[in-house]
Amino acid sequence: MIKIIIAVLLLCGAVFLGPRLADSQGFVHIATEGYIIETSLTTAIILAIVAFVVLHIVVNLINRSIRLPKLTARWFGSRKAKKLQSLQNEAFVAFDEGAYNRALGLLKKIGPRASLPVPCLLLGAKCSFALGDLDSCRQFLDQAESSKDTSNVACKLLRAKLNLKIGNAEAALENISSLGLDSHDASVVKMLYNCYLSEKQFDKIKELLPTLVKLKMVDDDEASLIAQGYAQDAVQECKDEVAVDTVINSLSKSERNNAMVMAPVVTRLVALGAVDKASKLTVGLLRRSDNHQEALLNAIATWSVAAPEVLKELSDQESNNAIGSQTNVPLLKALANLELKDGKLSEAKTHLSKALTMDKSTDLYVLAAELNERLSHFDEAAKFFALALKNKADAQLPALS
């Protein structure tokens, strides 16, 4: 709208001034050193405008001529940067292909180690490590950490990862621990978890478990395995029932209700002679329908004493699911073991025979040997002991007589 108004005003001015300039265009007189220039005002204005345009063009040409070296240098610089980027890309591709020497050669073409960017320094460290040159690997990492644009997390993580690969978990932990966990960085937490796992520090892993779950780095099954590993490691040091109670209290409610996690706990209680308490906990776990009862049943199959309450619960479950229980090897194995320990040899033989038709594991061979020994079938017991030692899946099983 403003442009239209300005155009209208210019048009009105031209209409008003046009006739006057046509009748009287004015007069310009210039006298200098014997020369006299006379022209109309209109012609003088036109000449001034043309002179300004010509001067503007000349100045631009001169300015471009002066800037030509800078433009040329910029073009050459851009070309060099593209070449270095191409070499860097080739180096990363060579590393992915396992051509570590070639990758290091490409890094040398990019420039001296002191001038390499941090990503290239970290790549050089990985290549040197893969080639077994630990001194060169350390030099690359030192240079990366001293660079202005470095990432402390990336350098520490790589140091920890490489230390862990050579079995130096202690040094890996030092590097990771120095980063802290305030930000709950997933890569830091994962490396810390791998370090604890390598050192079998299940108590530390248990402390880390809520963070692992929060970051969705483990699913429910993996979380159960971690808690089970902690529980199994912790109860091995327990000398009495009180110590086992301390371990149980350190578990969360969901973990105390998880048959997989509690399997080593109740087994330790049985080993310590606290059969009643172990039976009470086990019956409660068996009555909860979850996906981890197989671990508990396998644990029951190793108990060395009778547990009537648990045996009754297992027998009830077998009766309630007559069809499914016929193919449930862990249930059959647990029943056979408790029946054997309770002196119910006929029932144990029935359940063990069914299990042996579907599985030929070492623990079943051991139970069969123990049963035949209790039945005074010593030759058969010896055969089963031999099979347990050899553990051949295609072994010819002797008949239970």
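Modeller: Cys-238 is buried, with a relative accessible area of 5%, and Cys-195 is buried as well, at 0%, where buried means under 20% relative accessible area, exposed means over 50%, and partly exposed lies in between (1.4 Å probe, protein chains only). This is a predicted model, in which local features need pLDDT of at least 70 and side-chain atom pairs count only at pLDDT 80 or more, while totals for chains, interfaces and linings use all residues. Residues are numbered from 1 along each chain as its sequence is written, and side-chain values use heavy atoms, with hydrogens and water left out.

The structure holds zero disulfides, a disulfide being a pair of cysteine sulfur atoms within 2.5 Å.

Turning to the charged side chains, a search of the whole structure finds 13 salt bridges, each defined as a side-chain nitrogen of Lys or Arg within 4 Å of a carboxyl oxygen of Asp or Glu. One of them joins Lys-333 to Asp-363, at 2.6 Å from N to O. Because Lys-333 lies in helix α17 (residues 329–341) and Asp-363 in helix α19 (residues 362–374), this pair ties together parts that are 30 residues apart in sequence; helices here are DSSP runs (H or I, at least four residues), numbered from the N terminus. Lys-333 is buried, with a relative accessible area of 6%, whereas Asp-363 is partly exposed at 35%.

Arg-138 also forms a salt bridge, with Asp-135, and their closest N and O atoms are 3.0 Å apart. These two residues are three apart within helix α5 (residues 134–146), which means that about one helical turn separates them. Arg-138 is partly exposed, at 42% relative accessible area, and Asp-135 is exposed, at 51%.

In helix α20 (residues 378–390), Lys-383 and Glu-380 are likewise three residues apart, about one turn of the helix, and their side chains meet in a salt bridge at 3.8 Å, N to O. Lys-383 counts as partly exposed, at 42% relative accessibility, while Glu-380 is buried, at 16%. Elsewhere, salt bridges that share partners join Asp-142, Glu-145 and Arg-159 into one network.
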